[in-house]
Amino acid sequence: MTHDLPDLDDPRRSRRRSPASAKSEQRIRDLLRVGREVFAEKGYERATTTEIAQRLGISEATVFTYFRGKRELCVRVISDWYDEIIATMEAGLPREQPIRTQLHCLVQTHLRLFLVQGTGLCALVLSEGRSKGQELGESFLPLQRRYTALLMDLLARGQASGELRRDVPLRLLRSVVLGPMEHILWEVVAQDKATDIDAVSTDLVALLWSAMQAPGEELAALRRMRAEVTDALERTGSSI
């Protein structure tokens, strides 16, 4: 679809990319806000720039002043959504805690944030992200790589610290984590009803950890706990 490719010499392109005024910046924020609402409610195929414009009380031509079309607007909406999710996860990840605690935080936050605004955007990303060869689905790939980089870093640190098994490649460990989470999200989307994220996260991490932890790590953890308890008791003058 060559008509949808960016024209680097088109002067309107720089105007879309670099708002010239505070009014333009506010207009883009409004388009992204309402665009998120419409894409979440309607999905990609049924969403239209006409409806987005109508909700804002502007002409459809105004939408095209800032975005080349529905696909570009949708990609920007999803990109901003991913930015929010990634920033929240990075800020909340307790890196000083054991890898299992960090994994639980990541899984819980992932599920909560993907569903916090309902199932609409989640369903859009899950469905379009699987559409190989489709322009919209392909546009999501860089976003998904950025998102999974945080998990890959956690898994690499877990292997380096000896908390996670080293006989399994990182890419497979990543799939072990992401696969069940995607299945849970699909299930919620299909049923379109609330789920207990805290309970699901706890159960899932318990299952994942039994498969991912390094051999002997459970025994080593018990020994560390015993040593910590013994040390605490000795400081208080007690014994076990």
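User: What is the average pLDDT of the protein, and what share of the residues score at least 70?

Analyst: This is a predicted model, in which local features need pLDDT of at least 70 and side-chain atom pairs count only at pLDDT 80 or more, while totals for chains, interfaces and linings use all residues. Residues are numbered from 1 along each chain as its sequence is written, and side-chain values use heavy atoms, with hydrogens and water left out. The pLDDT is the predictor's confidence in each residue, from 0 to 100. For the protein, 84% of the residues score at least 70, and the average pLDDT is 84.

User: In which helix is confidence lowest, and in which is it highest?

Analyst: Helices (DSSP runs of H or I, at least four residues) and strands (runs of E, at least two) are numbered from the N terminus. The lowest mean, 43, belongs to helix H1 (residues 11–17), and the highest, 96, to helix H3 (residues 49–56). Over residues 1–17 the pLDDT is below 50, although this stretch has 19 contacts in the model beyond near neighbours in sequence, a contact being heavy atoms within 4.5 Å. Where pLDDT is low, the predicted coordinates should not be read in detail. In short, confidence is lowest in H1 and highest in H3.

User: How many helices and how many strands does the protein have?

Analyst: Read from the N terminus on, the elements run α-α-α-α-α-α-α-α-α-α-α. The secondary structure therefore comes to 11 helices and zero strands, by the DSSP runs described above.

User: What share of the 240 residues count as buried?

Analyst: A residue is buried when its relative accessible area is under 20%, exposed when it is over 50%, and partly exposed in between, with a 1.4 Å probe and protein chains only. Of the 240 residues of the protein, the share that count as buried is 39%.

User: At what angle do helix H5 and helix H7 pack?

Analyst: Axes are lines fitted to C-alpha atoms, for helices over the stretch in contact, and angles run from 0 to 180 degrees between N-to-C directions. The axes of helix H5 (residues 70–92) and helix H7 (residues 120–128) are 12 Å apart, and the angle is about 110 degrees. That makes H5 roughly perpendicular to H7, since angles under 35 degrees count as roughly parallel, over 145 as roughly antiparallel, 65 to 115 as roughly perpendicular and the rest as oblique. The angle asked for is about 110 degrees.

User: Is Tyr82 buried or exposed, and which residues is it in contact with?

Analyst: Tyr82 lies in helix H5 and counts as buried, because its relative accessibility is 3%. Tyr82 and Phe114 are 32 residues apart in sequence, yet 9.4 Å apart in space, C-alpha to C-alpha. Leaving aside neighbours within four places in sequence, Tyr82 is in contact with Phe114, Val125, Leu143, Gln144 and Tyr147.

User: Which residue meets Asp83 in a salt bridge?

Analyst: A salt bridge is a side-chain nitrogen of Lys or Arg within 4 Å of a carboxyl oxygen of Asp or Glu, and a search of the whole structure finds 13 of them. The pair in question has an N to O distance of 2.3 Å and links distant parts of the chain, with Asp83 in helix H5 and its partner in helix H8 (residues 135–161), 63 residues apart.
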